[in-house]
Amino acid sequence: MNSTEPARLSVRSPADMVAAVPYLLGFHPADSVVVVAVRGRRVVFAARGDLPAPGVDPGPAARHLAQVVARQDADAATVVGYGPAARVTGVVDAIGDALTAAGLVVLDALRVTEGRWFSYLCVEPSCCPPEGTPYDPAASQVSAAAVFAGQVALPDRAALAAQVSPLDGPVRLAMRRATGRARLRLAALTGRPSTPSSGSPAGGLPADSSRAGAEPPVPADGAGPEGESSVPVGGPGSGGKSQVPAGGAGSGGEPRAVRTAGTAAVRAAFRRQRRGERLDDDEVAWLTVLLTHVAVRDHAWSRTDGRDEDISLWTDVLRRAEPDLIAAPGCLLAFAAWRSGHGALAAVALERVLSAHPGYSLAVLLDEALRRGVAPSALDGWPGSGDGAVLRRRRRRPRR
């Protein structure tokens, strides 16, 4: 996550593709299907989804995925399924058919099972034997080049999710106490009584029950999409407030004192992060209670991009925040990760937010953008410099 220079990985064979996929996603997939899309000789998009349950028609998810890939202006793709043949073959076939129908060339269709890869398209026994080809990721030149370039492939998706999980033990106790102090400080600033639920980002809104099952399960994770999408993306300062909950502490127009304190806290947090310093417990607690106010959150959003320090800051704040205060920092982390091309990290951050606060509209908006494959480059230069924002042309991360 430290390098911003594109890695130059040569993928010349199915074995190379199998070795490259974990570095495109950031973790080794299992019981999954992955599509790697290319434009010319360049990888422009990679997406992963869980294999559907036995007996579930893979067609709708396959067509959805093909539409997402087609929006990336890709001209070809490789499909890789991970798991036993009984679960993988039908899904890979359905996705291949859907990609072909969408006008893309299917370069290869692979299955990875118990340390061997199999090709559904190659019928030449000399290169694709029917018993499969064993592979060792650790011995691959592609893996070695990726590691040398600073890329990381975690053991599985659970390991990635653990990177955004809450800290517990003494850290949690200290943060609970610090957050109590921060709530009292905010109450004194606003003249309102302090209650643990007053900062809840859901603000009494009903959970968005329509989300369940609204989208096919593929793609759940993405990495580095470069295409365009017609999905509108709202944002701070230009319609952002219409995309966030109407209730909660951030609604109704925040007092000027809160906006001033929030701006100062956000700027101080970024300054500390740039200097390589970690926020102390009181600073994190104060920041999280202020972020429940929409104007403060939007100010932080306008100053967040895909830089390493942005990802580090919001990861730390999310993991230390009290459960009712994770929505804003979780969304800011998801946005930073998405802008960096690390769609899988964005996905796990949003999953944590939406599991606790399913009605938080910014999380729903970002989740929809991920599912539709909206390109991070769609926001290059947005929202401009008039309000002090810092979004700039995205520097691509090492993905291939």
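A crossing of two helices is called left-handed if the near helix is turned anticlockwise from the far one by less than a right angle, and right-handed if clockwise. The model treated here is predicted. The protein has 13 helices and 7 strands, and 53% of its 400 residues count as buried.

**Exercise 1. Handedness and contact of helices 12 and 13**

Task: State how helix 12 passes helix 13, and identify the residues that meet.

Solution. Step 1: the axes of helix 12 (residues 343–356) and helix 13 come within 10 Å and cross at roughly 145°. Step 2: by the definition above, this crossing is left-handed. Step 3: helix 12 contributes Gly 343, Ala 346, Ala 347, Leu 350, Val 353 and Leu 354 to the meeting. Their partners in helix 13 are Ala 363, Val 364, Leu 366, Asp 367 and Leu 370.

**Exercise 2. Relative direction of helices 10 and 11**

Task: Classify the arrangement of helix 10 and helix 11 from the angle between their axes.

Solution. Step 1: the axes of helix 10 (residues 308–320) and helix 11 cross at roughly 155° and come within 8 Å. Step 2: angles over 145 degrees count as roughly antiparallel, and helix 10 is therefore roughly antiparallel to helix 11. Step 3: the crossing is left-handed. Step 4: the residues in contact include Trp 314 and Val 317 of helix 10, and Leu 333 and Ala 336 of helix 11.

**Exercise 3. The largest nonpolar core**

Task: Determine which residues of the largest nonpolar core touch the most other members.

Solution. Step 1: this core holds 75 residues, and Leu 287 and Trp 314 touch the most other members. Step 2: helix 11 (residues 327–340) supplies the largest share, 10 residues. Step 3: with neighbours within four places in sequence left aside, Leu 287 is in contact with Ala 265, Val 266, Ala 269, Leu 279, Trp 314 and Val 317. Step 4: a second, separate core of 24 residues includes Ala 37, Val 68, Ala 74 and Val 79.

Definitions and conventions
Residues numbered from 1 in each chain as written. Predicted model: local features only at pLDDT ≥ 70, side-chain atom pairs only at ≥ 80, totals over all residues. Heavy atoms only, no water. Core = buried A, V, L, I, M, F, W, Y, C linked by side-chain atoms within 4.5 Å. Buried < 20%, exposed > 50% of the residue type's maximum accessible area, 1.4 Å probe, protein only. Helix = DSSP H or I, 4+ residues; strand = E, 2+ residues; numbered from the N terminus. Contact = heavy atoms within 4.5 Å. Axes fitted to C-alpha atoms, helices over the stretch in contact; angles between N-to-C directions. Parallel < 35°, antiparallel > 145°, perpendicular 65-115°, else oblique.
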